[in-house]
Amino acid sequence: MTRHLIAVVGNGPGVGKSTLCHSLAPWIASTGATVDHFREADILTRPAFRPVAEEFADGNHSVRPETLIESTRAYLAESRAAGIDILVTDALLPFIPSLVAWGHDEPAIAHVLRELTTAVEPTQVTVVYIHDDPSTALARAVVREGPAWESWYIAKLAASPGTRSVHDLPSAATHLRHEAALTRRLLAATPWNVITVDVADLDAPQTATHVRHQLTALIGSTPP
């Protein structure tokens, strides 16, 4: 049975979610557990999430919450059938940034999280929430991805109903600060384990070490 889902999320681009996932997956595998590393781009190609990809591509560039919930349920069912012990997911559950961008308000998103809680049962969920100052993280993302990424990111947010106030990097940072506060409130109301890591003064190896320490008791064994 799939006993644990570790969802790595962050308060914006450039905070180190993917880097952390790439570190955690082999570390957990070294315990002898079978691990599935669900990368951020996998949502477009995984069979369980085909309805999500198809709905997003139909011209509206949004997905109904019910589709997200049922695809998550299907992913957990597939993982259990395949005998996967632990799932490490990059920017998957609980979909808060996407739901905000698509125009859903806080009560609606809270309802989605309650439905997701049921959809993943009886698998234990730990959300690793990576936080950095949005202005710093966005600047890091621009350096990493290049100037074209900045234009793409701002245009993507500006075109979505819930993020139309974004028109440049400062307004994007303001939005991300509000979204971070919302995320903390919503996660606090779930039964999931939440590990919050402020990476302002941590490099990637230090972040990974900190999270591994927090996860050791939760995953039930210590890697060599």
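**A strand, a helix and a loop**

Reply: Ile-86, Val-88 and Asp-90 point one way from strand E3, while Leu-87 and Thr-89 point the other way, and all are buried. Buried means under 20% relative accessible area, exposed over 50%, and partly exposed in between, with a 1.4 Å probe and protein chains only. This is a predicted model, in which local features need pLDDT of at least 70 and side-chain atom pairs count only at pLDDT 80 or more, whereas totals for chains, interfaces and linings use all residues. Residues are numbered from 1 along each chain as its sequence is written, and side-chain values use heavy atoms, with hydrogens and water left out.

Me: How are strands defined, and which strand pairs with E3 over 4 bridges?

Reply: Helices (H or I, at least four residues) and strands (E, at least two) are DSSP runs, numbered from the N terminus. Two strands pair if DSSP finds at least two bridges between them. Strand E2 (residues 35–38) pairs with E3 in the parallel sense over 4 bridges, and Asp-36 stands opposite Leu-87. Strand E1 (residues 4–10) also runs parallel to E3, joined by 5 bridges; here Leu-5 stands opposite Leu-87.

Me: Where is the kink in H9 centred?

Reply: The bend at a residue is the angle between axes fitted to the seven residues ending there and the seven starting there. In H9 a kink of about 30° is centred on His-213.

Me: Which residues of H9 are buried, and what do they pack against?

Reply: Thr-207, Ala-208, Val-211, Leu-215 and Ile-219 are buried. Contact means heavy atoms within 4.5 Å; the buried residues of H9 pack against E1, helix H1 (17–29), E3, strand E4 (124–131) and strand E5 (193–198).

Me: What should I look for in the backbone of the loop between E3 and H4?

Reply: Most residues other than glycine have a negative phi, and most peptide bonds are trans. In the loop between E3 and helix H4 (96–101) lies Pro-94, joined to Leu-93 by a cis peptide bond with omega about 5°. Ala-91 has a positive phi, near 60°, and Phe-95 has a positive phi near 70°.

Me: Are Ala-91 and Phe-95 buried or partly exposed?

Reply: Ala-91 counts as partly exposed because its relative accessibility is 29%. Phe-95 is buried, with a relative accessible area of 6%.
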